Amino acid sequence: MRATWALKGTQALVPITGRNAKRVLFGAIDLRSARRVVLIRHRAGQADAQAFLRALRRRYRRAGWLWLLTDRASAHTAPQTLALATRLRIRFVWLPRQAPELSPMDHLWRELKRLVAANRQAASIEVLAADAADWVLRLTPQQARRKAGMASKRFWLRKLLQNFWRPT
């Protein structure tokens, strides 16, 4: 919950049970095409990160090596995850610690939370997770680039995209 209201001078009551349902969305955005891959999981553990790597490789079956910009979450740095990434021809590009502003996907997640999830009641956690994934996947490439910060003149990977990946 991001906001609530109460009568002036009274304390707002926010019930918290500690047993809230949870779903985790793993996602990636292609810096060239702005195509997105999203996977919904129950947890954010090592097995879940590995399932996302497999989903990513399925989506980019014919590609050579994939370069995945990611944080240093323990699920990403686990030896088994690193070994699987190598087998799948996925290389990690590690973001600095505590720097979500450098991740285009983190910008998309922030917009998603603001527009889809914050202060809204869903019929179930499954419905909310599906709505969230649909929102990310339904964005046009232009919308995705803009919301992910990739359209900005100050996007930190802009020169890499212009100089390294020439249009084919």
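Visitor: What do the values rest on?
Guide: This is a predicted model, in which local features need pLDDT of at least 70 and side-chain atom pairs count only at pLDDT 80 or more, while totals for chains, interfaces and linings use all residues. Residues are numbered from 1 along each chain as its sequence is written, and side-chain values use heavy atoms, with hydrogens and water left out.

Visitor: Why is the pairing of Glu126 and Arg23 called a salt bridge?
Guide: A salt bridge requires a side-chain nitrogen of Lys or Arg within 4 Å of a carboxyl oxygen of Asp or Glu. For Glu126 and Arg23 the N to O distance is 2.5 Å, so the pair qualifies. The two residues are 103 apart in the chain, Glu126 in helix α5 and Arg23 in the segment before β1. Helices (H or I, at least four residues) and strands (E, at least two) are DSSP runs, numbered from the N terminus.

Visitor: What makes Glu126 partly exposed?
Guide: Buried means under 20% relative accessible area, exposed over 50%, and partly exposed in between, with a 1.4 Å probe and protein chains only. Glu126 has 44%, so it is partly exposed. Arg23, at 22%, therefore counts as partly exposed as well.

Visitor: How do you know whether Asp48 and Arg41 are buried or partly exposed?
Guide: Asp48 has a relative accessibility of 9%, so it counts as buried. Arg41 has 26% and is therefore partly exposed. These two residues form a salt bridge, with their closest N and O atoms 2.8 Å apart.

Visitor: Why does the pair Lys147 and Glu111 count as a salt bridge?
Guide: The closest N and O atoms are 3.7 Å apart, so the pair meets the cut-off. Both Lys147 and Glu111 are buried. Lys147 lies in helix α6 (residues 141-147) and Glu111 in helix α4, 36 residues apart. Salt bridges also link Glu111, Arg114 and Lys147 in a network. In the whole structure, 4 salt bridges are found.

Visitor: What makes a group of residues a nonpolar core?
Guide: The term covers buried Ala, Val, Leu, Ile, Met, Phe, Trp, Tyr and Cys residues joined through side-chain atoms within 4.5 Å. The largest such core has 22 residues, and Leu25, Ile29, Leu108 and Val136 have the most contacts inside it. Two or more residues come from each of β1 (24-29), α4 (104-117) and α5 (125-138). Another core, of 19 residues, lies apart from it and includes Leu39, Ala49, Leu56 and Ile90.
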